[in-house]
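Biologist: I am new to this structure and would like to learn how to read it. Could we take the features one by one?

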Amino acid sequence: MFIFNLTYVKPIQEVEKMLPAHISYLEENYSIKKFICSGRKVPRTGGIILCNCETRQEAEQIMEQDPFFKEKIAQYEIIEFVPSKSLEEFESFMKKIK
């Protein structure tokens, strides 16, 4: 599992212009069960995406399709982690999407 930590590097006006394309990217990856959750940071300096991938290479390939990445709107940090403890409901959810 991976966390995509996005930090905006362009003014919020440019972020807003690319937002519809970014939302389409999110929806596409939710539909194939690669994204688990996503949202804005507070304050609005970027966002977080929880990505369900097996390998870092796969995560990077998904990241590279984001219009925010392609247009250099946001800088990405990819953090890999292995959940060792979670709610039982989350474990059940993860088993269903595998």
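Modeller: Arg56 counts as partly exposed because its relative accessibility is 37%. Buried means under 20% relative accessible area, exposed over 50%, and partly exposed in between, with a 1.4 Å probe and protein chains only. Glu60, at 30%, is also partly exposed. The model is predicted: local features need pLDDT of at least 70 and side-chain atom pairs pLDDT 80 or more, while totals for chains, interfaces and linings use all residues. Residues are numbered from 1 along each chain as its sequence is written, and side-chain values use heavy atoms, with hydrogens and water left out.

Biologist: What does Glu60 form with Arg56?

Modeller: A salt bridge is a side-chain nitrogen of Lys or Arg within 4 Å of a carboxyl oxygen of Asp or Glu. For Glu60 and Arg56 the closest N and O atoms are 3.3 Å apart, which makes a salt bridge. The two residues are 4 apart in helix H2, so about one helical turn separates them. Helices (H or I, at least four residues) and strands (E, at least two) are DSSP runs, numbered from the N terminus.

Biologist: How many salt bridges are there by this rule?

Modeller: The count is 4. Among them is the bridge of Lys34 with Glu58, where the closest N and O atoms are 2.6 Å apart. Lys34 lies in the loop between H1 and E2 and Glu58 in helix H2, so this pair ties together parts that are 24 residues apart in sequence. Another joins the side chains of Glu14 and Lys10, at 3.9 Å from N to O.

Biologist: Which residues of helix H2 are buried?

Modeller: An α-helix has 3.6 residues a turn, so residues three or four places apart point the same way. In H2, which spans residues 56–63, the buried residues are Ala59, Ile62 and Met63. They cover an arc of only 100 degrees around the axis, which puts them on the same side of H2; the arc is that of the directions from the helix axis to the C-beta atoms. Contact means heavy atoms within 4.5 Å. The buried residues of H2 pack against several elements, including strand E1 (2–8), helix H1 (12–31) and strand E4 (74–80).

Biologist: What is the nearest side chain of opposite charge to Asp66?

Modeller: Lys and Arg count as positive and Asp and Glu as negative; His and the chain ends are not counted. For Asp66 that side chain is Lys70, 8.5 Å away, and Asp66 is buried yet has no salt bridge. Asp66 sits in the loop between H2 and H3. A polar atom of the Asp66 side chain lies 2.9 Å from the backbone nitrogen of Phe68.

Biologist: How is a pair of aromatic rings described?

Modeller: By the distance of the centres and the angle of the planes. Rings of Phe, Tyr and Trp (its six-membered ring) pair if their centres lie within 6.5 Å; planes under 30 degrees apart count as stacked, over 60 as edge-to-face and the rest as tilted. The structure holds 6 aromatic pairs. The rings of Phe4 and Tyr76 have centres 5.7 Å apart and planes at 75 degrees, so they are edge-to-face. Phe4 is in strand E1 and Tyr76 in strand E4, 72 residues apart, and the pair links these distant parts of the chain. Phe4 counts as buried at 0% relative accessibility, and Tyr76 as buried at 13%.

Methods
Polar contact = N/O pair within 3.5 Å; in protein donor to acceptor, adjacent residues only side chain to side chain.
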